[in-house]
Amino acid sequence: MSVFGLRTSNPAFNRYFWKKPNYFSKAKMSIGGILLKSLLILSLVVLTASYTWHLFFSGVNTKWHTAVGMFVAIICSLFISFKHSAAKYLLPIYSLAKGFFLGGISAIAHQRFPNLPFQAIGVTIVTFFVMFLLYKWKLIRVTKEFRTIIITATASIFIFYFIGWILWFLNIDVPYLWGTSWFAIGFNVVAAIVASFSLLLDFYYIDKQVGRYPKEREWIATWGLLITLIWLYVEVLRLLKKLTIRF
């Protein structure tokens with residue numbers, strides 16, 4: 001069973017992107033290749049995030065940096081989704097754009113709650129390695145049922161977010177998303193947990209494809225991991241901010 005035809009909660013890892021290529025390639029996907037590309041892409045994210053951070057605390061209004069960064073990242077993701085061969089060209093642009101967005105929201109959070117973004121980064125890194133070890137040691141098995149649950153939960157969360165963004169755009173208050181009520185905090189906790197478990201699905205699918213698909217697909221794998229990591233960081237940052245306000 002699957003949801004919307006997806007085998008994982010991450011759009012980068014659904015069946016469409018991993019269909020058998022119609023060309024032959026001797027070089028195959030490898031963990032080392034994905035790791036190197038991930039480090040490169042994360043470096044680009046940090047580069048523009050640091051730049052936006054510097055501008056913000058220099059007195060520059062970074063509203064447009066944040067908004068345009070988010071918009072460009074969405075456009076790049078859509079292009080990669082439908083033309084996965086373009087991932088190696090668009091992923092660097094996506095990373096730079098996402099850095100502007102993350103730098104903007106992180107700077108605002110740091111101004112109001114000093115060091116909160118660094119705490120969120122720490123939690124994200126720790127969560128990544130914990131999930132990796134849980135997968136590696138098979139303490140949590142990624143079964144068909146497990147995948148279905150995470151996919152369904154992810155789809156539901158993003159539907160809630162989509163509705164919330166539309167209502168926010170119409171100047172309608174959405175306390176379950178932006179408020180600090182126990183319900184809003186609970187929603188954030190669930191979203192962060194689902195984002196964490198999505199890493200297991202990503203590890204699982206990459207593990208099944210390494211050594212089988214062309215090396216070029218490492219860019220898609222890197223994109224998928226980046227999507228999940230950024231989602232997890234944003235959820236953790238929002239959760240910590242709500243908890244700080246609440247307590």
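In this predicted model, helix 1 (residues 31-56) packs with helix 3 (residues 87-112) at an angle of about 40°. The axes of the two helices lie 7 Å apart. Helix 1 is therefore oblique to helix 3, a class that excludes angles under 35 degrees, which count as roughly parallel.

**Helix 1 and helix 3**

- The crossing of helix 1 with helix 3 is right-handed.
- Sorted by class, the residues in the contact of helix 1 with helix 3 comprise 15 nonpolar and nine polar ones, and none that is charged.

**Aromatic pairs**

- The count of aromatic pairs comes to 14.
- Phe160 belongs to helix 5 (residues 144-169) and Phe187 to helix 7 (residues 182-209), so the pair ties together parts that are 27 residues apart in sequence.
- Phe160 is partly exposed, with a relative accessibility of 41%.
- Phe187, in contrast, has a relative accessible area of 12% and is buried, because the buried class covers values under 20%.

**Aromatic cluster**

- One aromatic cluster is made up of Phe128, Phe129, Phe132, Tyr135 and Phe203.

**Charge over a ring**

- Lys37 places its charged end over the ring of Trp219, at 5.2 Å from the ring centre.

How values were computed
Residues numbered from 1 in each chain as written. Predicted model: local features only at pLDDT ≥ 70, side-chain atom pairs only at ≥ 80, totals over all residues. Heavy atoms only, no water. Axes fitted to C-alpha atoms, helices over the stretch in contact; angles between N-to-C directions. Helix = DSSP H or I, 4+ residues; strand = E, 2+ residues; numbered from the N terminus. Parallel < 35°, antiparallel > 145°, perpendicular 65-115°, else oblique. Left-handed = near helix turned anticlockwise from the far one by under 90°. Nonpolar A, V, L, I, M, F, W, Y, C, P; charged D, E, K, R; others polar. Phe/Tyr/Trp six-rings, centres within 6.5 Å; stacked < 30°, edge-to-face > 60°. Buried < 20%, exposed > 50% of the residue type's maximum accessible area, 1.4 Å probe, protein only. Lys NZ or Arg CZ within 6 Å of the ring centre and 35° of its normal.
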